[in-house]
Amino acid sequence: MEEGAAGGSVARGARLRVLLPLPLADAYDYRAPAGPPPPAGSFVLVPLGTRRAIGVVWDGEADSRLPESRLRAVIEVLDAPPMTATLRRFVDWVAAYTLSPPGAVLRMAMSAPAALEPPAPQAGWRLASAPEGARITPARRRVLDLLADGRPRAGGEIAEAAGVTPAVLRGMAEAGLIAPALLPHRPRFAPPDPARPGPALGPEQQAAADLLREAAGRRAFSTTLLTGVTGSGKTEVYFEAIAETLRSGRQALVLLPEIALSAQWLERFRARFGAAPALWHSELTARTRRDTWRAVAEGQAPVLVGARSALFLPFPDLGLIVVDEEHETAFKQEEGVVYHARDMAVVRARLSEAACVLASATPSLESVTNAATGRYASVHLPARHGGAAMPQVTLVDLRRSPPERGRFLSPPLVAAVGETLARGEQAMLFLNRRGYAPMTLCRACGHRLRCPNCTAWLVEHRAARRLQCHHCGHAEAPPEACPSCGAPHSTVPIGPGVERVLEEASALWPEARRLVMASDTIAGPAAAAAAAAAIRDREVDLLIGTQIVAKGWHFPHLTLVGVVDADLGLAGGDLRAAERTFQLLHQVAGRAGREEHPGRVLLQTFAPEHAVMQALVSGDLDAFMAAEAEARRPGHWPPFGRLAALIVSAEEDRAADRVARDLGLAAPGGEGVEVLGPAPAPLAILRGRHRRRLLLKTRRDIAVQPLLRAWLARVEVPGHVRVQVDVDPVGFL
């Protein structure tokens, strides 16, 4: 257990500082209840205006200048495991780094308020002294035999095990044969077995596992970048670090970018450890969230796998954090408290004296640079597990081999898919666009159907007969006539989405069994597990998917991947466009040929000479990353400099322009400091709010937080205008 988990300094005398899970800049002072004051970290119920709120007794001294008469008393100290000193420091650190109110960060650490109430005792039945003359039927005898070991059981468990109805139990209670009993609390999660043998590791995997085991067993902070080609066994390697963490009696946390990825991951975890880990994601029921949060706080969840929000769970003794697919932008939270879970995982590991493992086949340039400079340890797996070869990557130049008119699959790709299906192997068509078409326009006047709330085109979803905005969720039925010129039935789809690729594939290979995997067709972990099982069991011949299929899947019979539009991610002026495109396409290419049959990858492109395309053909990640680094270094772009964005938004464009202009005039300056903007954001209107952006860029050795605080303090922002701070932005929409 963490030393001083429930301790720490509290206010002198009868005053307490209580931080509330609200967007407040500081803790409030309260009068302690009678008796010894609750220690820092205690959860307390306090009055707040006309209502009650749950907060946490926070560290630091209360304001002694506040008159006693103005203090309101703590109503109750809750019977819940106190928030550890480490988690309190983490909340303060995240708040300071992201310039967020501490109360807003605390809210993420109190995401299951119901867990602060002790679980209600569960009633069951125990054996009673049988009165003389009691009638013992065969059904009653089975119940008595079951309870003969003296252990009380729940009524449902008894009824199922003994094959009786609840009426039999009621009759036995009335006859005095059984008596009510409170059931002991059972751990919600079975303990994983670290001694259970895992798969045989090759020499390189074994060396990597030994290094990670050593790091996990030191009870000291470290960060290790675990890289390796797709299919090289990175998961099995970091499982050995989890095993070492369990042997030392500490807890482990694994962060995944997409919870849909958990389906196959969980199968591998059960095979290695003989039990399932705890899960944490947005689709859990309220009861499961309550039970899981409480189990984590009580140390009864040895291993938890979850989305980025799991980083704020109340682990009492966290020994290992694994960030799988560490390069993924899904780890960045863009709303509310804006933070990057990969970077905050390193911070939480440092505060917890824990090991942190960042795993990826295509690591971010930030992590590569940290490893190159010695800030992170690094270990690399250069070959696929079991001797499988990397797939052959071929470019299809669409200028020389264009698709037929009205089609999107080129003749070489059509031929390759046909040959693959004829051999009884599986193929995948990849396009990172949901829906049927990314744009709909009127062929009479050229009007483009746009979202009324955002600067974005409406995406046609033909199967659902709707046009939808993928930024705000607005949806409407396709119009019978053009809303601009009134021409009837004049709207036409422009460009392909996965539904349109499915339509084309259905016409080309009508006998093939097809499956679409996209975020709007795979609703959650259960649907993802069913899809993965269907592919594994060869119930699918042709898989068509968006980026959800690129991450972590193991499809043993898939031998061909065709990328419909390899140039898609290169459009626009995004700083990381080339890096992201390479990562995504390399990951999706890695789904092919993971078993005994060799894999092929065909990339349809209009720019085969582009550095990204050439790097994908050569497979030389190191050379590509070195070139990216050299391109960013002279201008002090990340990771060789620091960025922070200010996003100004308001319902009226004039209000947004006014505040953005004032911020621009008050912008900081000096050597190594530059401010770009203000300028309209690429998504100039989002959810009905007009948006303007300013970008602060500094040298790496200049901290941006003091500059931002001083900058914001110089400008008065009206209440109807919002200024969001994004330190270390990964996107620029």
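Strand S3, residues 43–48, is mostly covered, with six of its six residues buried. The model described here is predicted. Burial in S3 extends to both faces: Phe43, Leu45 and Pro47 are buried on one side, and Val44, Val46 and Leu48 are buried on the other. In a regular strand, side chains alternate between the two faces of the sheet.

S3 pairs with strand S4 (residues 51–57) in the antiparallel sense, over six bridges. Within this pairing, Pro47 has Arg52 of S4 as its bridge partner. The two strands form a hairpin with two residues between them, and Gly49 in the turn has a positive phi of about 65 degrees. S3 also pairs with strand S5 (residues 76–77), again in the antiparallel sense, through two bridges. Here the bridge partner of Leu45 is Glu76 in S5.

## The six-stranded parallel sheet

Six strands make up an open sheet with parallel pairing, in the order S17-S27-S26-S18-S25-S24. The edges are taken by strand S17 (392–397) and strand S24 (514–517); each has a single partner strand, so one side of each lacks a neighbour in the sheet. On average, neighbouring strands of this sheet are turned by 20 degrees against each other, direction ignored.

One of the pairings in the sheet is that of S26 (residues 558–563) with S27 (residues 600–605), which run parallel and are joined by four bridges. Leu560 has Arg600 of S27 as its bridge partner.

## Helices H15 and H16

Two helices lie across strands of this sheet. Helix H15 (residues 577–589) lies across S18 (426–430), S26 and S27, and runs at about 165 degrees to S18. Helix H16 (residues 611–618) lies across S17 and S27, at about 145 degrees to S17.

The axes of H15 and H16 come within 10 Å and cross at roughly 30 degrees. The two helices are therefore roughly parallel to each other, and their crossing is right-handed. On the H15 side the contact is made by Ala578, Thr581, Phe582, Leu585 and His586, and on the H16 side by Val612, Met613, Ala615 and Leu616. Of the residues in this contact, seven are nonpolar, two are polar and none is charged.

## Cis peptide bonds

A cis peptide bond joins Pro638 and Pro639, with omega at about 10 degrees. Pro639 is in the loop between helix H17 (621–632) and strand S28 (641–650).

Another cis peptide bond joins Gly677 and Pro678, also with omega at about 10 degrees. Pro678 is placed in strand S29 (residues 673–686).

Arg219 has a phi near 55 degrees, a positive value in a residue other than glycine. It lies in the loop between helix H6 (203–217) and strand S8 (222–228). With 40% relative accessibility, Arg219 counts as partly exposed.

His489 also has a positive phi without being glycine, with a value near 50 degrees. This histidine is found in the loop between strand S22 (475–476) and strand S23 (491–494). Its relative accessibility is 55%, so His489 counts as exposed.

Note on methods
Residues numbered from 1 in each chain as written. Predicted model: local features only at pLDDT ≥ 70, side-chain atom pairs only at ≥ 80, totals over all residues. Heavy atoms only, no water. Pairing = 2+ DSSP bridges. Axes fitted to C-alpha atoms, helices over the stretch in contact; angles between N-to-C directions. Contact = heavy atoms within 4.5 Å. Buried < 20%, exposed > 50% of the residue type's maximum accessible area, 1.4 Å probe, protein only. Parallel < 35°, antiparallel > 145°, perpendicular 65-115°, else oblique. Left-handed = near helix turned anticlockwise from the far one by under 90°. Nonpolar A, V, L, I, M, F, W, Y, C, P; charged D, E, K, R; others polar.
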